[in-house]
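Hi there,

Here is the structure I promised to pass on. My notes follow below it, with the cut-offs given as they come up.

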Amino acid sequence: MNLGETLTSFHLSGLSWWAFAAYYVTVHPVLEEIYWRGYLRGAHRSPVAVDIAFAGYHVLVLCIFVKLPWVLVSFGVLLFAAWSWRQLAARYSGLGVAIASHAAADLSIVAVVEYLIRHQSV
């Protein structure tokens with residue numbers, strides 16, 4: 001799969017890619033944390049249904065871009081991230097740390113995607 005071509009098929013290239021990337025790193029983590037760890041918060045110490053739902057929701061998108069073994073690995077990583085962000089929100093009585101680390105994770109995804117787009121045809 002050519003990542004650049006796939007993103008272009010979703011109208012994400014050039015300026016639209018960079019606009020999406022800016023949104024993805026700034027607005028997206030805030031909205032997701034407000035929903036998943038704010039509105040749907042829970043005080044359980046172990047992973048709960050909302051953590052599984054968070055990971056599962058993201059896996060639906062990942063299926064477009066990565067092969068099944070990596071989708072399963074990603075599910076585990078996302079489940080751990082969801083649980084961790086929920087614990088951080090509970091421990092610090094707010095979403096600030098979860099939002100900041102979620103934004104950092106999203107920034108790393110954008111950086112890797114940009115790197116792969118630039119070096120895939122090389």
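D106 sits in helix α5, which covers residues 96-119. Helices here are DSSP runs of H or I with at least four residues, strands are runs of E with at least two, and both are numbered from the N terminus. Before going further: this is a predicted model, in which local features need pLDDT of at least 70 and side-chain atom pairs count only at pLDDT 80 or more, while totals for chains, interfaces and linings use all residues. Residues are numbered from 1 along each chain as its sequence is written, and side-chain values use heavy atoms, with hydrogens and water left out.

A salt bridge is a side-chain nitrogen of Lys or Arg within 4 Å of a carboxyl oxygen of Asp or Glu.

What D106 does have is a polar contact of 2.9 Å between its side chain and that of H28. (A polar contact is a pair of N or O atoms within 3.5 Å; within protein, one must be able to donate a hydrogen and the other to accept it, and residues adjacent in sequence count only if both atoms are side-chain atoms.) H28 belongs to helix α2 and is buried, because its relative accessible area is 12%.

The touching residues, with contact meaning heavy atoms within 4.5 Å, are as follows. Leaving out residues up to four places away in sequence, D106 touches Y24, V25, H28 and P29.

**Salt bridges**

How many salt bridges does the structure hold? There are three:

- E33 and R37 meet through their side chains at 2.8 Å, N to O. Both lie in helix α2 (residues 15-39), four residues apart, about one turn of the helix. E33 counts as buried because its relative accessibility is 0%, and R37 is buried as well, with a relative accessible area of 3%.
- D51 and R86 meet at 2.6 Å, N to O. D51 lies in helix α3 and R86 in helix α4, so this pair ties together parts that are 35 residues apart in sequence. Both D51 and R86 are buried.
- E114 and R118 meet at 2.5 Å, N to O. They too are four residues apart, about one turn of the helix, both in α5. E114 is buried at 13% relative accessible area, whereas R118 is exposed at 56%.

**Helices α3 and α4**

The axes of α3 (residues 49-65) and α4 (residues 68-91) come within 8 Å and cross at roughly 140°. Axes are lines fitted to C-alpha atoms, for helices over the stretch in contact, and angles run from 0 to 180 degrees between N-to-C directions. The crossing is right-handed; a crossing is left-handed if the near helix is turned anticlockwise from the far one by less than a right angle, and right-handed if clockwise. Residues making this contact include D51, I52 and L62 of α3 and F75, L79 and R86 of α4.

I52, in helix α3, is partly exposed, with a relative accessible area of 45%. It touches F75 and L79, not counting residues up to four places away in sequence. Its C-alpha atom is 18 Å from that of L68, which is 16 residues away along the chain. On the α4 side, A81 is buried at 16% relative accessible area. A81 and C63 are 18 residues apart in sequence and 19 Å apart in space, C-alpha to C-alpha.

**The chain as a whole**

The protein chain has five helices and zero strands, running α-α-α-α-α from the N terminus on. Its C-alpha atoms fill a box of roughly 45 × 30 × 20 Å along the principal axes. Of the 122 residues, 34% count as buried. Among contacts with a separation of 6 or more, 72% come from residues 24 or more positions apart.

Best wishes

Notes
Buried means under 20% relative accessible area, exposed over 50%, partly exposed in between (1.4 Å probe, protein chains only).
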